[in-house]
Amino acid sequence: MRRGAAIAAMAIALGVSGVGAYQLAPAPAEETARWREIAWPFPRDGWPAGRAFRCDGACAGAELYVRAKRGFCNCERGVADDDEVDRVADIDLISPRFTAVAPGEEVGIGAMRGRARRYDLDGPDSARLAAIGIAVSRRCDLLVAAAQGRGQAGVVQRAVLVFLEMPEMKTWVTAALDGK
Amino acid sequence: MFRCVLTAAGLVLFACSTTALAQQKQAIGAPPEASNMKLVGVSDLQARSAYQPTIHRQGDRWIAYIGHHGGTDDVPAPVNPMTGQAEPNGTSIVDVTDPAHPRYLRHLPGQAGKYESGGAQMARVCDGKSLPKGDPNAVYMLRTFGSEAHEIWNVSDPASPVLVTRIDGLKDTHKSWWECDTGIAFLVSGAPDWRTRRMTQVYDLGDPAHPQKIRDFGLPGQEPGSTGAVPTELHGPISTGPQGNRVFFGYGTNKGGILQIVDRDKLLNGPKEPTPDNLRFPEISRLPMSAFNGAHTTFPMFDMPVAEFAEDKDGKTRDIVMIVDEAILNECGEARQMVWFADVTTETRPMMISSYTVPEASGQFCQRGGRFGSHSANESMAPVYYKKMAFIAFFNAGVRALDIRDPYHPKEVGYFIPSITSATDKRCIPIEGGDRCKVAIQTNNVETDDRGYVYIVDRANTGLHILELTGPARAVAGLPKS
């Protein structure tokens, strides 16, 4: 009886944990990355707050911050270089002291194109954190994402890009870029 | 009886809603909206999107040099009717000696490209005889060439400009400043190795044929090789020259604005290597603005007598900087961009003292289409208006004339919103399944001349409108009754 109750409780708990979380479709034998929404952790600045998530599973402990930035002067050129990623990708919200570790690379989210770049951050207690900045543009507007964590940056970046391609996120991104 | 009251109430409501609708939408053929300002003359500027006008007296003529943004998606390179050729937007040169009948003299093509990625937005003009090593018979126009270069043209014959020199290899340009008595220019540039799109390149253009670079300048964190957060990019500087010995830099467009007060002499003669310490060396102070607002124009007005303080033992006169934000998004899609007045008398502790915006409800401007909010101010320091009146380009709310004699309490005394024409371009916002577009005036920039005429230009291709003050607004500037 007690065993049955424990199984039922676990099933309920698993069900509850699935609410408000987004599970990536894993490749066979690959650990799942699950993103659980958390409160936007930063004080108000010039841009409206976005959405924040914490990863369980493959990128455990990583946090992701995503928001739309409407009104961007480079309507024609878009996110043309790594300096643009340094400027706009919200890495400075995590820490104003960051250093790019390598040149960035071109990325796409849906039809939007831009760049991603990896950084080292100064964390609390002199800890070094890895971070990823992503900026893609749609005409005169930007979608930016910043992720931080202690795991491998490559794993986190892949998990973030897959997550941002999920239908729920695409719907939200479109609405946010439309100013809704 | 009750039915009659209901009917009457319905009629009143209908009349009100019709008026409100009419105010929300401009129509071709409708008269301009105006108060204490009237239209004197018009030029269509070949239906090119316009940025900075500069009005220059050349002998007995008055010439307007008007910078343009790049073309639009629909018309990337409008046809110049004078040549019959499609030409990328550049600089319009217009003889405004008779402001009632402006004469279009020449279109000087700019960089091919659309919107902010092309054209030749900025223009400043100096006489050769005022520059230290200029040709005394020449008149020089300094202009941007899209995002890639600055150019100097000899416009002594404004209908036939001749290229003098070019400073290129840049990744962007914008609202530069040129001191005509010293030749020192503060060029808003994008040096390729800097981390920001726009910073300052200080040049000696006293001999326009032989530009001498003095230094690069910006905020620490923008310089090559730096790491971490990148401070807000530059929009434009205004210098008070060797006498005032200050340069006021405005950073930001519609967000995170900064007014930076810089010692001009230290900037020109201090250590030039772009290290954080050297970049800090000439700075006197900064006034960080709200994250909601940027600093497009930072216009200094020193020694302003403030009537309210006339009996005070100290502080009778104040040094004021008027800061104008730039609205970017259509249909009020952002925090309001407006006008701010900072008291910088104690330079190390500048303080905002007042603000001004057009009341939105006065014209339902958020519903009219296009941008609503400020963009820029006149930058002429000619005595006719200096420290008395300021003119603010307010996009779909046209131009606004402010009485600034008491900068602690600026007051609107006039306005003019031009009529739209068949050339006026649409402005769109995204909606479910596509775009929704409206056509509205987008007064982008404004300048004045020494005679007191006010020149406004339109970002949505409606051209140049030359205005004059009427009624009580003339008295504010001390102009004779019209």
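Two strands pair if DSSP finds at least two bridges between them. Strands here are DSSP runs of E with at least two residues, numbered from the N terminus. By that rule, β23(B) and β24(B) run antiparallel and are joined by five bridges. This is a predicted model, in which local features need pLDDT of at least 70, side-chain atom pairs count only at pLDDT 80 or more, and totals for chains, interfaces and linings use all residues. Residues are numbered from 1 along each chain as its sequence is written, while chains are lettered from A and ligands numbered from 1 in the order in which they are written.

**Confidence in chain A**

- pLDDT is the predictor's confidence in each residue, from 0 to 100.
- Chain A has a mean pLDDT of 85, with 82% of its residues at 70 or more.
- Residues 1–20 of chain A stay under 50 in pLDDT.
- The stretch 24–29 of chain A also has pLDDT under 50.
- Where pLDDT is low, the predicted coordinates should not be read in detail.

**Where the chains meet**

- Two residues are in contact if their C-beta atoms, placed from the backbone, lie within 7 Å.
- Contacts link 21 residues of chain B with 18 residues of chain A.
- The chain B side of this contact has eight nonpolar, eight polar and five charged residues. Ala, Val, Leu, Ile, Met, Phe, Trp, Tyr, Cys and Pro count as nonpolar, Asp, Glu, Lys and Arg as charged, and the others, Gly among them, as polar.
- B:Gly113 sits in the loop between β8 (103–108) and β9 (119–120) of chain B. Beyond four places in sequence, B:Gly113 touches A:Glu76, B:Gly70, B:Gly118 and B:Gly146.
- B:Gly113 is buried, because 21 C-beta neighbours lie inside 10 Å. A residue is buried if 20 or more other C-beta atoms lie within 10 Å of its own, exposed if 12 or fewer, and partly exposed in between.
- B:Gly113 and B:Gly146 are 33 residues apart along the chain, and their C-alpha atoms are separated by 8.0 Å.

**Sheet β22 to β25 of chain B**

- Four strands form an open sheet in the order β22-β23-β24-β25, with antiparallel pairing.
- β22 and β25 (351–356) are the edges; each has a single partner strand, so one side of each has no neighbour in the sheet.
- The twist averages 25 degrees from one strand to the next. Axes are lines fitted to C-alpha atoms, and angles run from 0 to 180 degrees between N-to-C directions.
- Seven bridges join β22(B) to β23(B), and B:Thr298 stands opposite B:Ile323 in β23(B).
- B:Ile320 faces B:Asp343 of β24(B).
- β24(B) pairs with β25(B) over five antiparallel bridges, with B:Phe341 opposite B:Ser354.
- Five of the five residues of β24 (339–343) are buried, so this strand is largely enclosed by the rest of the structure.
- In a regular strand the side chains alternate between the two faces of the sheet. In β24(B), the buried residues are B:Val339, B:Phe341 and B:Asp343 on one side, with B:Trp340 and B:Ala342 on the other.

**Sheet β18 to β21 of chain B**

- An open antiparallel sheet of four strands has the order β18-β19-β20-β21.
- Its edge strands are β18 (234–239) and β21 (283–288).
- Five bridges join β18(B) to β19 (246–251), and B:Leu234 stands opposite B:Tyr251.

**An exposed loop residue**

- B:Glu308 lies in the loop between β22 (297–305) and β23 (317–324) of chain B.
- B:Glu308 is exposed, because 10 other C-beta atoms lie within 10 Å.
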